[in-house]
Protein chains: 2
Amino acid sequence: MKLTELFALPDPAFGQAMTDLLETFHHSDDSQAPYQRDQFTHQLDQSRMPATGIAMDEYLARLATLVPGASHLTSPRYMGHMTAPLPAFTAELSRLVVMLNQNPMKMESSRLLSFLEREVLAKLHRLIYRADDLFYDAQMHAKDAALGVMTSGGTIANVTALWLARNRACGDNLFALYEQGYRGAVILGSRLMHYSFDKGMDLLGLGARSVWRLPTDDQNRLDMAALEQALAQCKEQKLKVLALVGVAGSTDFGSIDPLPELADIAEREQIHFHVDAAWGGPTLFSPRYQNLLAGIERADTVTLDGHKQLLVPLGTGMLLCRQPDLMMAVKREAPYAIRASSFDQGRFTLEGTRPANALYLDAAFQLFGQQGYAELIEANYDRARLMASLIDQDPAFELMSAPVMNLLSYRCIPPHLQGKVLDEAANEQVNAFNVALQKAQRAEGHSFVSRTQRAVGRYGPQPLTLLRAVLLNPLIEERHIRDLLADQQRLGAEIARQLFG
Amino acid sequence: MKLTELFALPDPAFGQAMTDLLETFHHSDDSQAPYQRDQFTHQLDQSRMPATGIAMDEYLARLATLVPGASHLTSPRYMGHMTAPLPAFTAELSRLVVMLNQNPMKMESSRLLSFLEREVLAKLHRLIYRADDLFYDAQMHAKDAALGVMTSGGTIANVTALWLARNRACGDNLFALYEQGYRGAVILGSRLMHYSFDKGMDLLGLGARSVWRLPTDDQNRLDMAALEQALAQCKEQKLKVLALVGVAGSTDFGSIDPLPELADIAEREQIHFHVDAAWGGPTLFSPRYQNLLAGIERADTVTLDGHKQLLVPLGTGMLLCRQPDLMMAVKREAPYAIRASSFDQGRFTLEGTRPANALYLDAAFQLFGQQGYAELIEANYDRARLMASLIDQDPAFELMSAPVMNLLSYRCIPPHLQGKVLDEAANEQVNAFNVALQKAQRAEGHSFVSRTQRAVGRYGPQPLTLLRAVLLNPLIEERHIRDLLADQQRLGAEIARQLFG
């Protein structure tokens, strides 16, 4: 085959092979190959590129050996990470997104889709900030304005928020702070802030030590007394608070910081108020649950993450800005690509060239509508409550946080400790038991939850290993939840014998 | 339709509609809607999300109005930006990548594909650094090692390189530099360095003023005398040089800095040596042209960009590291996701969750092989030479840089100035003429080159508007090049009448 034919001719056999691979994968409830690192490394140990291209058939054979090794994130028995199963139309839409290959950094490389991105961002801005029609008519396509930016994910959105906050305070010159009489700069938030904030402050030259992780209350929400104390300490030590961070859906518990109180303090102290709603933001679609996020509309910036509850593919983060001129604080130009006088979105994104993922969001917004999202979210939140009650009723489990959204943390208790008061030594046993149990369940590949390590109020500062269930898949039914817990009981009995005799 | 059906059932009508949209798009040589901003903004001015989902048919009708507004990046008459036309199998493969939805941040969310990523990076590492089998056997799947990282694009790769260089010099604490006796920190490179370096130094708290853009020689390569002078100045002013940046394929001219000389200096001065080969890196595939990049194997870090000459979709950047332990300088952990003792790639990527785009690279490596890439690259470089000679022969054009790779900068000369010596005033006329010409050609949508603004040696420091052709599409034939130049002559005659009477 001539090389140029690879560019010109779609290959129906290749398309059919993808369909077959995907069908087999989806129709299997389990992961199809055991979780064996050694086997995976041996399967993929060629550091040399093939000298000449292999035939399409050969490559399809290779793919057929790769796919069974993938994590089965789309099974309704897989409740472990925040990766959504995607609506089926996404597969077909991806062909369009990929082959149009539009680059919204620059209008010349994405024309209409540059404006689609602005429309999508306006819709999300309205969801959060509820400004009026006049505001959106004036701002959504204005030149030196951005209701938000698309990013490659929540991490870059959070980093961008910190970048904005710092540039508002002192531009790109940290020493300007010293000239203002400060002796350093920090951000304040709860101990459950995402680790992207550490990366961000590290990048910004302020170091991860500038991330002050404050205590939480018994509902895993930022403790307001601790915050006031930290603020006083910052004043005393002449530290500039660059941003106050509210978490709207912590990754471990789904807990939500007291946003209205945080907004009051940010206003009083004139601090940039950022809300990380990567996980929880879409709760705003639900009439039943949207009050959980009251106060978010007072945030200067809000992070959302498309691949979580917005149900679009990985790689689609967003930072929304209350004030449309805020992004001008980080505006950049480049002679060949980004003209200052242009409408190019690349003027203020951390990334340069990036895909037109706004099209996935557009499809989901149109095909689900607000109500569709609300139904999906409410069903997930209900399922989390169901799972919590199943866990709570059974002495083999201990629920570690009441469900706020659709994240649950719990742990399994080995038979000999069920019903007992757990002291530090017992908790160490429970930790070891849960690590082994999670690994065994993962290796079996039949069902899955993830694990984390966190202190929990009632046991003091001791780090506990927790299991973490994420109820995100609309295809999860009660039986899948019961099966997953039954798997854990079965595997747990075996592991308890091994560990405790 | 029940909402959950959207997740369960592929919709053949939707798939067929995508096929039809793509076929119409590809079979048209022109962009299908004129470049009219006002029309685009009116088409996309809804800031309100639909209350309920619309029917699939309605959404397909919407898509059918959106696609004609896209930029026609895949036409062989579109030679303006660095976005590659993609091989046809990419469309089908995207369905698999998107629906598997693997997240290589964490092995639990991407199992086998985490190792595929490591294999892909090893192949690129070998292409650049040519280490021996023993090295790759030991390092490609080692625990506290990374031959490189995948990023969302070249910008994040360059930013990551600067982050590494800074953390090597002083960790995340800029003040450690002061304790070492320095009074500031800079990076050194040519005036043609990509603007991502400004973003990076801004982010890092050192400001865009810490990016020293040094003069170039008459071949648009970093001037070595200027570099030595800058180094002496840094010593005198007690400025730490965090990195020396070599450009391997400048975005305006495709020029390549003298990499061996830069490597010598970096070694002598013990400076982190970074090569931005986002554009030029794949030249290494070509036996005929690989010598252009001699010296790159001595770089500490190298940026590559998949969506350019590697021919994979947008969103696939890479940073390669000569020493596999270098990335440990920015290692991070998170209790729920990234365990320090794990193999998770997320330990040292700036991004968190991100798509498994390594699969696109794997497919291209296998299906093209080294030789396939070499053929495609050599054909493109030859086409650039052909286009350069057509331009050089015609008094209506002025070639501004001899082709090194497959990027050309040139400009059109209005009839009344052809054959004349161009003074400053004449050059201003030529600038205005080329801006108007490029806009007219873009609006017509029949063929396309981009434009940039740069000083060029023989005209002194005056900024000149240049046209910029990118020969990347394997389907470009001589007739497309001749047609594009003919379009410019035709449009130019008209614009000269308007501008100069």
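Across the interface of chain A and chain B, 71 residue pairs are in polar contact, both partners at pLDDT 80 or more. The model is a predicted one. On the side of chain A that touches chain B, helix α13 (residues 358-393) of chain A gives the most, with 14 residues. The residues of that side of chain A divide into 81 nonpolar, 48 polar and 31 charged.

How many residues of each chain take part? In chain A, 160 residues are in contact with 160 residues of chain B. Together the two chains bury about 14,800 Å² between them. Of this area, 64% lies on carbon and sulfur atoms.

**Salt bridges**

Side chains of opposite charge can pair when their charged atoms come close. Over all chains, the count comes to 60 salt bridges. Between chain A and chain B, the count is 12.

| Salt bridge | N to O distance |
|---|---|
| Arg442(B) and Glu108(A) | 2.8 Å |
| Arg168(A) and Asp300(A) | 3.8 Å |

Arg442(B) and Glu108(A) join chain B to chain A. The pair of Arg168(A) and Asp300(A) links distant parts of the chain, 132 residues apart. Where do these two residues sit? Arg168(A) belongs to helix α8 (residues 154-170) of chain A. Asp300(A) is in the loop between β5 (272-276) and β6 (301-305) of chain A.

**The sheet of chain A**

Chain A has an open sheet of 4 strands. Their order is β8-β9-β11-β10, and the pairing is antiparallel. Why is one side of β8 (397-399) and of β10 (450-454) of chain A left without a neighbour in the sheet? These strands stand at the edges and each has a single partner strand, so one side stays without a neighbour. From one strand to the next, the twist averages 40 degrees.

Now look inside this sheet. Strand β9 (residues 407-412) of chain A pairs with strand β11 (residues 464-470) of chain A over 4 bridges, in the antiparallel sense. Leu407(A) stands opposite Val470(A), which is in β11(A). A helix joins the picture too. Helix α15 (residues 478-500) of chain A packs on the sheet and touches β8, β9 and β11 of chain A. The direction of helix α15 makes about 25 degrees with that of β9(A).

**The sheet of chain B**

Chain B also holds an open sheet of 4 strands. Here the order is β8-β9-β11-β10 of chain B, with antiparallel pairing. Which strands of chain B are at the edges? They are β8 (397-399) and β10 (450-454), and each pairs on one side only. The twist from one strand to the next averages 40 degrees.

β8(B) pairs with strand β9 (residues 407-412) of chain B over 3 bridges, in the antiparallel sense. Leu399(B) stands opposite Tyr410(B) in β9(B).

Two helices meet these strands. Helix α13 (residues 358-393) of chain B lies across β8, β9 and β11 (464-470) of chain B. Helix α13 of chain B runs at about 20 degrees to β9(B). Helix α15 (residues 478-500) of chain B packs on the sheet and touches β8, β9 and β11 of chain B. The direction of helix α15 of chain B makes about 25 degrees with that of β9(B).

Note on methods: Residues numbered from 1 in each chain as written. Chains lettered and ligands numbered in written order. Predicted model: local features only at pLDDT ≥ 70, side-chain atom pairs only at ≥ 80, totals over all residues. Heavy atoms only, no water. Contact = heavy atoms within 4.5 Å. Buried area = accessible area lost by both parts, 1.4 Å probe. Salt bridge = Lys/Arg side-chain N within 4 Å of Asp/Glu carboxyl O. Polar contact = N/O pair within 3.5 Å; in protein donor to acceptor, adjacent residues only side chain to side chain. Nonpolar A, V, L, I, M, F, W, Y, C, P; charged D, E, K, R; others polar. Pairing = 2+ DSSP bridges. Axes fitted to C-alpha atoms, helices over the stretch in contact; angles between N-to-C directions.
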